[in-house]
Amino acid sequence: MGSLILCHKKKAKQPYEISRIHKRIYTIEELCYYLCNNLYLIDYTIINEQLCRWIEEELELPELAAHLMELLKNHASVEQFVLSVLNESHIYTPGELKHIQNVLEKLKNQKEVERQKFKADSLMESGELESAILVYMSILNGEKDDSVGSRFYGRVCACLAGAYGKAFLYEEAARMYERAYKICEDPRMLEGYLYACYRYLPVDEYQKMITENDVLLDVDNRLAVKIADARKGVEIEPSRELLEEWKREYRRG
């Protein structure tokens, strides 16, 4: 979606305040923008009767308000409620609405900690690295949810490592990749670990590290082949963070 288009002229005299982030909303478009950019945060603090009354009284959309109230009474899904609001704005294409619906479907049965990871993943994908790093850190430093399993936290470590790598914080990236590998034992995480080490360690220290460990030496050899192939334009399937780094290396080469 491009720049915001105001389709409804009505602007609320009294804004609707989203208490959890102290944000004030004045139009249906602002409400839609908030919903679409915070799908992982949608809960009773935004989907409630107070919002329905505000839509009716301040935005003068009684039919939408009545429909939303009916959805609440029938314990409809978050997906139904949100899509009803978005449809009213007329600023989203069918393709965009389908994408939003798919995201809501994915989030529907997720636990809170999984929603937080989705939030961080979305922030990193949109280039908001600092915010993504803070969310990943809050997951790792917060109370653990045993129901998601230890490998979930290993993947969070790997994602945080990827965010650090994108921010050129290679030492921090290496530390998190190492932590992730100890949990998940995924060879791809060792590749990330070695690449980050290669970027921040002096050459002699890096060579000493890999020659003293047969596993790391083998991974280093495979990584060297991947980098060489990437420079030649050979189609491979690296992790996203490694691909970005290889692109930078290629441009400098």
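## Exercises on helix packing and buried cores

Leaving out neighbours within four places in sequence, Ala180 is in contact (heavy atoms within 4.5 Å) with Gly154, Cys157, Ala158, Glu185 and Met189. The model is predicted, so local features need pLDDT of at least 70 and side-chain atom pairs count only at pLDDT 80 or more, while totals for chains, interfaces and linings use all residues. Residues are numbered from 1 along each chain as its sequence is written, and side-chain values use heavy atoms, with hydrogens and water left out.

**Exercise 1.** State where Ala180 lies and whether Ala180 is buried or exposed.

*Solution.* Step one: Ala180 belongs to helix α9; helices are DSSP runs of H or I with at least four residues, numbered from the N terminus. Step two: its relative accessible area is 0%, so Ala180 is buried (buried means under 20% relative accessible area, exposed over 50%, partly exposed in between, with a 1.4 Å probe and protein chains only). Step three: the C-alpha atom of Ala180 is 8.4 Å from that of Arg151, 29 residues apart along the chain.

**Exercise 2.** Describe how α6 packs on α7.

*Solution.* Step one: the axes of α6 (residues 112-125) and α7 (residues 129-141) come within 8 Å and cross at roughly 160°; axes are lines fitted to C-alpha atoms, for helices over the stretch in contact, and angles run from 0 to 180 degrees between N-to-C directions. Step two: α6 is therefore roughly antiparallel to α7 (angles over 145 degrees). Step three: residues of α6 including Val113, Gln116 and Ala120 meet residues of α7, among them Leu129, Val135 and Ile139. Step four: the residues of this contact divide into 9 nonpolar, 2 polar and 3 charged.

**Exercise 3.** Characterise the largest nonpolar core.

*Solution.* Step one: this core (buried Ala, Val, Leu, Ile, Met, Phe, Trp, Tyr and Cys residues joined through side-chain atoms within 4.5 Å) has 44 residues, and Tyr136, Tyr193, Leu194 and Met209 have the most contacts inside it. Step two: the elements giving two or more residues to the core include α6, α7 and α8 (150-166). Step three: the largest share, 10 residues, comes from α8. Step four: a second, separate core of 38 residues includes Ile46, Ala65, Val82 and Leu97.

Key. Angles under 35 degrees count as roughly parallel, over 145 as roughly antiparallel, 65 to 115 as roughly perpendicular and the rest as oblique. Ala, Val, Leu, Ile, Met, Phe, Trp, Tyr, Cys and Pro count as nonpolar, Asp, Glu, Lys and Arg as charged, and the others, Gly among them, as polar.
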